Amino acid sequence: MTIFAFSEIRKKKLMPARYKIFASCVLAFIFLSASCSKDNFTGRGQTNWRSDPIVEADRLPSEESRKVLILYMAAHNNLSDYIRNNLDTLEHYYLPPKNRNADVVLVCSKFAGTNERYGEKNAPVIFQLSKNAAGQPVRDTLFIFPEGTPAVSSVTFRTALEFAHEHFPAASYGLLFSSHATGWLPVGYYNNTPTEGLSLSAPLQYRPEKPDDFPLLKSFGQENIRKNGRLTSYEMDLRKFAEAIPMHLDYIIADACLCGGVEIASELQGKTDYLLASQTEILADGIQYNTLLEHLFLKKEPDLKGICRDYCNFYAQKPSEMERSATISLIRCDKLERLQTICAELFEKYRGPIAALDAYAIQGFFTLNKHWFYDLKDILVHAGITAEETARLDVAISECVEYEAHTEQFLQRFPIRVNCGLSMYLPCQGNPVLNDYYRSLIWNRQTSLVR
């Protein structure tokens, strides 16, 4: 074991700052039908939004070597200033030039106004980020969505990815998703937490996310809109998020809270090879954007472990003990089958002991009593699996978790004794509403954790 200002198990350990909730913007009343013209990149009812016309050579570089990174920044929420700062940081360090053979950075962003003004007419924008011949950062606007279009919407999300795939053919595509997130939970559950009668389709009335003494945290897609004096929060369902991805991604970086769960990794099988995510929350500063593009573009293969290490170093050196809080793992979504097979066997054999577990004895990854995220291996160890079964489980986990790191504690709320690199739901800490939703997830269909 290596001590890295925090403990390192087989990989390394880190901290929290954004509740990024697999943003489920269930806006039945908003329908996006933006058309993507190859030549003009127009939005619905709009003409060319670019100040200069697209040149064919800009769109058709070498498909054998070019890499494209799509940063999807759904920041029409209280993380807006933080994510805007992330973007500003990114453009002050390495950026690719804009030419036929260069790598491409595309940003789809929607930010709140100053002082967290959530105007209903704000719209997402797609732009290319590059450096000109003088080394200055340039933001070239390519596409503006119609007024009021939500970023936290599977339709908008898919449109942005299709735009990148159509107009920037490449050998490799990667995605960084930055927003709030609440792991695998149903839309709206985290902040509302009802025990019965939950509606999974209605917009949610905004509720505060944290006590005043907590640092701001992230989650997988949340958007706030103020309309007629009422602040409403929208999120995107995990299943719709996965279904909206139109092409294969080499990696997804979840700069959002609670996304390092086996449920999310399983839902992304067939969509991406790698998921870089945290088992706990992520503090609002997020990952390290100053070295992000160097890791992704300046090596033959994306250095995702390097991104994890930089994240660890940053939070391990924080002066405040509360901020020295982090978890991170690099998960192979294309290597989950062995784990799913052995877990299906163990869940069936130890169904009774799992149902009777003392949750306080198991490593959790949650705060504020949001008790739906526990360490997968620790659950089974406490259920009484044998040494031989533990060895088989370790092999399966090591096959799909290439890197794992965590600090010794989290936000001074709980110690982190162990982290196998994957969190999981503990049914005895759930309820019928969660169980019913959980049955629809790929992980449960493969393993029958919840019958």
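## Helix α2

In α2, the buried residues are Ser80, Ile83, Asn86, Leu87, Leu90 and Glu91. Viewed down the axis of α2, these buried residues fall within an arc of 130 degrees, so they line one face of the helix. An α-helix has 3.6 residues a turn, so residues three or four places apart point the same way.

This is a predicted model. In it, α2 runs over residues 80-91 and has 12 residues. From first C-alpha to last, α2 reaches 17 Å, close to the 16 Å expected at 1.5 Å a residue.

Helix α8 covers residues 304-316, which makes 13 residues. At 1.5 Å a residue α8 should span 18 Å, and its end C-alpha atoms are 19 Å apart, which agrees.

Buried in α8 are Leu304, Gly306, Ile307, Cys308, Tyr311, Cys312, Tyr315 and Ala316. What do they pack against?

## Aromatic pairs

The model holds 18 aromatic pairs. In one of them, the ring centres of Phe314 and Tyr315 lie 4.8 Å apart and the planes stand at 85 degrees, so the pair is edge-to-face. Phe314 has 26% relative accessibility and counts as partly exposed. Tyr315 has 1% and counts as buried.

Ring pairs also link a cluster, made up of Tyr72, Phe157, Phe177 and Phe241.

## Two loop residues

Phe366 is in the loop between α10 (351-355) and β16 (374-375). Leaving aside residues up to four places away in sequence, Phe366 touches His371, Trp372, Phe373, Tyr374 and Phe414. Phe414 is 48 residues from Phe366 along the chain, yet their C-alpha atoms are separated by 8.7 Å.

Ile282 is in the loop between β14 and α7. Is Ile282 buried or exposed? Its relative accessible area is 1%. Buried means under 20%, so Ile282 is buried. Ser325 lies 43 residues from Ile282 along the chain, and the C-alpha atoms of the two are separated by 8.5 Å.

Notes
Residues are numbered from 1 along each chain as its sequence is written. This is a predicted model: local features need pLDDT of at least 70, side-chain atom pairs count only at pLDDT 80 or more; totals for chains, interfaces and linings use all residues. Side-chain values use heavy atoms; hydrogens and water are left out. Rings of Phe, Tyr and Trp (its six-membered ring) pair if their centres lie within 6.5 Å; planes under 30 degrees apart count as stacked, over 60 as edge-to-face and the rest as tilted. Buried means under 20% relative accessible area, exposed over 50%, partly exposed in between (1.4 Å probe, protein chains only). Helices (H or I, at least four residues) and strands (E, at least two) are DSSP runs, numbered from the N terminus. Contact means heavy atoms within 4.5 Å. The expected span of a helix is 1.5 Å times one less than its number of residues. The arc is that of the directions from the helix axis to the C-beta atoms.
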